[in-house]
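Have the model open while you read.

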Amino acid sequence: MRGCGNASEDYGMVGRMALGWTLIRVVFGIVLGLGHGWGKVTGDMSRFAAGVAELGFPFPLFFAWCASLAELVGGVLVAVGLFTRPAALFAGFTMLVALFRHRADPFGRMELALLYLTVMVAVALIGGGPWSLDARVRRKA
């Protein structure tokens with residue numbers, strides 16, 4: 001209930017919420033960027049492009065690079081909280097395509113894309129939060 005606690009308790013809750021949101025943003029961003037995007041960017045892109053071609057995308061190598069960079073750059077930007085909303089939109093769209101790709105697979109195969117999509121949609125809606133580079137830039141402006 002609002003108003004039941006004193007001001008320091010309310011501030012403590014805000015601080016815990018900021019910390020919790022920062023942990024979600026940083027962990028999901030780093031794991032998406034470095035755990036998924038980095039491996040695609042530094043690996044055999046032709047193999048990933050073949051999977052993109054199976055989805056019916058024109059110019060599969062181009063779209064494979066777009067998806068890989070959306071994961072790598074988007075994930076890192078979400079983690080540090082810079083250009084957070086646009087980065088989350090690009091990464092989230094990539095996860096939507098991944099979810100579509102795995103739609104007929106067992107739930108365990110689509111679960112990761114669903115988790116990343118959910119977090120990226122939340123990041124796009126909420127933003128980086130008070131402990132992000134976006135917030136720091138806004139404070140200086």
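When we say two residues meet here, we're talking about contact, which means heavy atoms within 4.5 Å. Keep in mind that this is a predicted model.

With that in hand, start with α2 and α3. On the α2 side, M45, F48, A49, V52 and A53 meet P60, L61, F63, A64, W65, A67 and S68 of α3. Sorted by class, that contact holds 11 nonpolar residues, one polar and no charged.

Two packed helices are described by the angle between their axes and the distance between the axes. Here are both pairs:

| Helix pair | Angle | Axis distance |
|---|---|---|
| α2 (residues 45–54) and α3 (residues 60–80) | about 105° | 8 Å |
| α4 (residues 84–101) and α5 (residues 107–126) | about 155° | 8 Å |

Angles from 65 to 115 degrees count as roughly perpendicular, so α2 is roughly perpendicular to α3. Over 145 degrees counts as roughly antiparallel, and therefore α4 and α5 get that label.

The crossing of α4 and α5 is left-handed. Among the α4 residues in this contact are T84, R85 and G92, while α5 brings residues including M110, Y116 and I126. By class, the contact of α4 with α5 has 17 nonpolar, two polar and one charged residues.

What is the volume of the largest pocket? It comes to about 1100 Å³. Its lining takes in 38 residues, with K40, F48, A67, E71 and A98 nearest the centre. Helices α1 (7–42), α2, α3, α4 and α5 each give two or more residues to that lining.

Key
Residues are numbered from 1 along each chain as its sequence is written. This is a predicted model: local features need pLDDT of at least 70, side-chain atom pairs count only at pLDDT 80 or more; totals for chains, interfaces and linings use all residues. Side-chain values use heavy atoms; hydrogens and water are left out. Axes are lines fitted to C-alpha atoms, for helices over the stretch in contact, and angles run from 0 to 180 degrees between N-to-C directions. Helices (H or I, at least four residues) and strands (E, at least two) are DSSP runs, numbered from the N terminus. Angles under 35 degrees count as roughly parallel, over 145 as roughly antiparallel, 65 to 115 as roughly perpendicular and the rest as oblique. A crossing is left-handed if the near helix is turned anticlockwise from the far one by less than a right angle, and right-handed if clockwise. Ala, Val, Leu, Ile, Met, Phe, Trp, Tyr, Cys and Pro count as nonpolar, Asp, Glu, Lys and Arg as charged, and the others, Gly among them, as polar. On a 1 Å grid over the protein atoms alone, a cavity is a set of points where a 1.4 Å probe fits but cannot get out, and a pocket is an open set with protein on both sides within 12 Å along at least five of seven lines; lining residues have an atom within 4 Å of a point. Grid points are joined across faces, edges and corners, and a volume is the space filled by probe spheres set on the points.
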